[in-house]
Amino acid sequence: LGENHPNTIIDLNNLAGVYRLQGKYEEAESANIKALNQIKEVLGEEHPQTISISNNLGLLFENMGLFDQAEPLYKAALKNAESSLGEEHPTTIALMNNLASLYESQGVFDRSEPLYNKTILLSNHVYGPEHPNTIAAMNNLGYLHLVKKDYVKAEPLFFQVFETWKD
């Protein structure tokens, strides 16, 4: 198929994921960057595979604690997903959650909270109020409030998550 065939590039991205999970961050970074550059060239910025590989490189950088390098990748992936897939696409919603989580990890709660709220709103609309993705989004926001020691906001979210999961 060749080095620049989309399947080859996707497999390189998969290999980067294996390296990341093994803690081989240097190898993962090299493979992920190469895959991202190649997929952009072959399929363009807004192709779902490009969005996915960009997100994966952001995840790697987040795992490495390189938040400043993860953020632009997450933001680009989200922007391109909103543009090409639409705001209510499951991939777009997941990317929004990833960016919210990154901001939470950085302690940038004023950026994280609105994204978590939007994730809940979109998940509720796309999946329904009792879907696991909607409940997980509510749990994420509840955890953010817990970290902020805003127990008044955390409690009803966790209670709703609990009530939904137990049924």
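**Close-up views of a predicted model**

**View 1. Helix H7 meets helix H8.** In H7, Pro132, Ile135, Met138, Asn139, Leu141, Gly142, Tyr143, His145 and Leu146 contact Tyr151, Lys153, Ala154, Leu157, Phe158, Gln160, Val161, Thr164 and Trp165 of H8. Contact means heavy atoms within 4.5 Å. Twelve residues of this contact are nonpolar, five are polar and one is charged. Here Ala, Val, Leu, Ile, Met, Phe, Trp, Tyr, Cys and Pro count as nonpolar, Asp, Glu, Lys and Arg as charged, and the others, Gly among them, as polar. Helices are DSSP runs (H or I, at least four residues), numbered from the N terminus. This is a predicted model: local features need pLDDT of at least 70, side-chain atom pairs count only at pLDDT 80 or more, and totals for chains, interfaces and linings use all residues. Residues are numbered from 1 along each chain as its sequence is written, and side-chain values use heavy atoms, with hydrogens and water left out.

**View 2. The salt bridge of Glu71 and Arg111.** The closest N and O atoms of this pair are 3.2 Å apart. A salt bridge is a side-chain nitrogen of Lys or Arg within 4 Å of a carboxyl oxygen of Asp or Glu. Glu71 sits in helix H4 and Arg111 in helix H6 (residues 109-127), 40 residues apart, so the pair links distant parts of the chain. Glu71 is buried, at 13% relative accessible area. Arg111 is partly exposed, at 43%. Buried means under 20% relative accessible area, exposed over 50%, and partly exposed in between (1.4 Å probe, protein chains only). A network of salt bridges links Glu71, Lys75 and Arg111. The structure holds eight salt bridges.

**View 3. The salt bridge of Lys148 and Glu113.** Their side chains meet at 2.7 Å, N to O. Lys148 lies in the loop between H7 and H8, and Glu113 lies in helix H6, so the pair ties together parts 35 residues apart in sequence. Lys148 is partly exposed, at 30%. Glu113 is buried, at 16%.

**View 4. Asn80 in helix H4.** Helix H4 spans residues 67-84. Asn80 is buried, at 8% relative accessibility. Leaving out residues up to four places away in sequence, Asn80 touches Glu45, Glu46, Ile51 and Leu85.

**View 5. Ser105 in helix H5.** Helix H5 covers residues 90-106. Ser105 is partly exposed, at 43% relative accessible area. Ser105 touches Glu62 and Phe67, not counting residues up to four places away in sequence.

Technical notes. Helices (H or I, at least four residues) and strands (E, at least two) are DSSP runs, numbered from the N terminus.
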